[in-house]
Amino acid sequence: MALIELEHIVKTYDLGLSKVPALRDIHARIERGEFVAIVGQSGSGKSTLMNIIGCLDVPTAGIYRLSGRDVSTLSDDQLADVRNLEIGFVFQSFQLLPRASALENVELPLVYRGVAKKERRDRAVEALATVGLEDRMKHKPAELSGGQRQRVAIARALVTQPSLLLADEPTGNLDSRTGEEIFHLFLDLHAGGNTIVLVTHEPKLAARCPRAVRLVDGLVIADGPGREVAAANAEALGAEALAQFQAAERAAQAGARP
Amino acid sequence: MSEVALQAPPLEAPAWTVRLRRGWTGRLDDLRLALDSLSSHKLRSGLTLLGIVIGVFTVVAMRALLTISGIAIGIMTVILIFMVQSGMSASFARQLSTLGPNTLFVHKWKWGVSGSDWWKYKNRPHVTMLDLRALQQNTTLPVAIAPLVNTLATVSHAGKDVKGVDVRGTTDGYLDATGWQIRRGRFITALDQEIGANACIIGADIEDAFFKGQEPLGQQVRVGPNMRCDIVGIFARKGNAFGQTQDLRVVLPLSSFIRTFGSKRGLVVAVVAPEGKVRETEGEVTAVMRNARHLAPDQEENFSVNRQDKLLEGFEQMMKATNITGILVGIITAIVAGIGIMNILLVSVKERTREIGIRRAVGARRATILWQFLCEAVMVALVGGAVGIALASGAASIIDLISPLPARVDPRVMLGGVIGSAVLGVGFGLWPALTAAMLQPVEALRYE
Ligand SMILES: Nc1ncnc2c1ncn2[C@@H]1O[C@H](COP(=O)(O)OP(=O)(O)OP(=O)(O)O)[C@@H](O)[C@H]1O
Ligand SMILES: [Mg+2]
């Protein structure tokens, strides 16, 4: 059974006067252990799709099965539990509680799971160690760099050992070197057996994912190996993006085979 | 069998323990977070405002402070009203304890009248010793006649004080007029009255307070600031009326009372009519009083002859009035404070929309969010309530210090204040807490 099954997913935003079709007819299956990038131009529906996969939002029509369970049949409380138990979500803008320390932020999902304080602390410390932040646990988000904040957010997503890790442009607010570090972290997590779906508009990152899905105007236009889909996407984005992509690719090849 | 034994232990704890722990750790955490946000957010900036920099406060801090002081003042007022009211019913109980159904009271005031006629009665002459003498000499029907005058004072013995003692001045007719009984010793005599003897009869509570296991007769007590008197008798215990003891009292000869406490208060003269002749006696008393006051036939009376039922009526009216005042103040306070709570909570929900989104995204249920904000509302209300109770207790102890009235806030009233403010918090916090709980996760996360 696939982890994620999307059938005829439609999402329309009703703005009263007009209706915005964000997703028109999405079909996709994602297996356990995959690392999938979602690419596409701004406004193509990537975030909308991620929110539906992450059970933060529900589709207007269509069926979404997570581990074989149709989520449209779940109550609001059950959706909250699914978010808590099965999904780790990483946002572009970090979404950390500003008044809580890194450690407390990471503990938060465990609080809602009812884990006892001692165990909560141990697991949060472990998750922070995984992302290399064991020496910043008492810091508030405002006292951390962007990359460090995103690591805290990733630790928070990991701490519940979810079956699915979702990241909506996790490198979008970071400079390219820090973004590269964060992307490496995701590659490591994938190597460790995690299922990851990641939105990015950087072709060179998408190219390094085993699989990529390209959205255009709420439809899946391409679905295949990351390199091919990313190349097509870069082409669509224009000559400049393509040149960048090719340069990155040459550099990666040179680096990969010394 | 062996297959079962070999199975790995379940990864998840059994559902009920999870639920239980989700319950407690979640709740405690919410409580802490609510405290946190209150202290870090509003109170702290509120204190900043008071003390240091006037530029650095937020509207929220102002509102929180105003709301808290609003609740505090309201709760204090309600508590004080209740205190005054119970004081009044105590003094009423003291008066009523002397009344029999056949007793008439000659007094400057008409009992049971309030409001518009106040000045008319206020300007009448007091009932004096002359009136008393006229009644004693010129009436034929009454079974007994006794003057009454009373005040609350402190009584002491051997360095010990008892506050709020009902001290009365009267004459030898008192026992017949009131039905009170002497357990040991004697009552005031005509001679005591004549010479203004320093003699007194004490109630059972006074005996308990000063003379546990001792003989009170022949000992001395100090009444008021400077009168020492010998105990010549002890009243039989009367018990409570209207929840108030009737045994916390000292009776003196009228002449000694006036010497100590002055003659400003005027008398009430109790006249006991024979069974079935209340009307006739009332007529006779009225005629004698008119005569003593030299009133022409067309002149209005400048005294009143009262009966107990009138007093009851008036008392009920008065209680109703204070009750209504108390309830009105309570309701207004509740509404004003409640709107304040609602307001700061709505602002807080708005400010923390993103936080709510984050919590929902990592698995908080609606009920959990609801609970978090309700906790906060109750906290604000309880802080206000606590300050109010503290203020009321402070006011009560000041009253206690500077007046002979015993004043203190009943613990039950305090408990009522605490419960009341908690209910207020829940009642007015519910709507904002619900709006917080009903937020959609995606929209809350997107909120700027
Ligand atoms: N809450 C909303 N109300 C109305 N329209 C919306 C809402 N959210 C998204 N949309 C519209 O739906 C479409 C898809 O939006 P979405 O955010 O999924 O795009 P995206 O691919 O994530 O873009 P970006 O790369 O800029 O993040 C857009 O046309 C957007 O304007
Ligand atoms: Mg997006």
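This is a predicted model: local features need pLDDT of at least 70, side-chain atom pairs count only at pLDDT 80 or more; totals for chains, interfaces and linings use all residues.

Modeller: Happy to. The side chain of B:Glu207 meets that of B:Arg183 in a salt bridge, with 2.8 Å from N to O. The two come from distant parts of the chain, 24 residues apart: B:Glu207 sits in helix H8 (residues 204–210) of chain B, and B:Arg183 in strand E4 (residues 182–185) of chain B. Side chains of opposite charge can pair when their charged atoms come close.

Another pair in chain B is B:Arg186 with B:Asp192, whose side chains form a salt bridge at 2.8 Å, N to O. Here B:Asp192 is buried at 6% relative accessibility, and B:Arg186 is partly exposed at 35%. In chain A, salt bridges with shared partners tie A:Glu5, A:Glu7, A:Arg29, A:Glu31 and A:Arg65 into one network. Over all chains, the search of the whole structure finds 36 salt bridges.

One of them joins A:Asp76 to B:Arg366, 3.4 Å from N to O. This pair crosses between the chains, running from helix H2 (residues 76–85) of chain A to helix H13 (residues 366–402) of chain B. A:Asp76 is partly exposed, with a relative accessible area of 25%.

Ligand 1 also lies between chains A and B. There are 14 residues around it, and A:Ser42, A:Gly43, A:Lys46, A:Ser47 and A:Thr48 come nearest. An oxygen atom of the ligand lies 2.9 Å from a backbone N or O atom of A:Gly43, and a backbone N or O atom of A:Gly45 is 3.1 Å from a ligand oxygen. A:Glu169 takes part through its side chain, where an N or O atom is 3.4 Å from an oxygen atom of ligand 1.

Now for the strands of chain A. Six of them form an open, mixed sheet in the order E6-E7-E8-E3-E9-E10. Strand E6 (87–90) and strand E10 (219–225) stand at the edges with a single partner strand each, so one side of each has no neighbour in the sheet. On average, neighbouring strands of this sheet are turned by 15 degrees against each other, direction ignored. Helix H1 (residues 46–53) of chain A packs on the sheet and touches E3, E6, E7, E8 and E9; its direction makes about 155 degrees with that of E7(A). Within the sheet, E3 (residues 35–40) and E8 (residues 196–199) of chain A pair in the parallel sense over four bridges, and A:Ile38 has A:Val199 in E8(A) as its bridge partner.

Back in chain B, strand E1 (residues 103–107) is mostly covered, with five of its five residues buried. B:Thr103, B:Phe105 and B:His107 lie on one side and B:Leu104 and B:Val106 on the other, so both faces are covered, since all of these residues are buried. E1(B) pairs in the antiparallel sense over four bridges with strand E11 (residues 268–272) of chain B, where B:Leu104 stands opposite B:Val271. E1(B) also pairs in the antiparallel sense over four bridges with strand E12 (residues 304–307) of chain B, and there B:Asn306 is the bridge partner of B:Phe105.

Notes
Residues are numbered from 1 along each chain as its sequence is written. Chains are lettered from A and ligands numbered from 1 in the order in which they are written. Side-chain values use heavy atoms; hydrogens and water are left out. Two strands pair if DSSP finds at least two bridges between them. Axes are lines fitted to C-alpha atoms, for helices over the stretch in contact, and angles run from 0 to 180 degrees between N-to-C directions. Contact means heavy atoms within 4.5 Å. A salt bridge is a side-chain nitrogen of Lys or Arg within 4 Å of a carboxyl oxygen of Asp or Glu. Buried means under 20% relative accessible area, exposed over 50%, partly exposed in between (1.4 Å probe, protein chains only). A residue is near a molecule or strand if one of its heavy atoms lies within 4 Å of it. A polar contact is a pair of N or O atoms within 3.5 Å; within protein, one must be able to donate a hydrogen and the other to accept it, and residues adjacent in sequence count only if both atoms are side-chain atoms.
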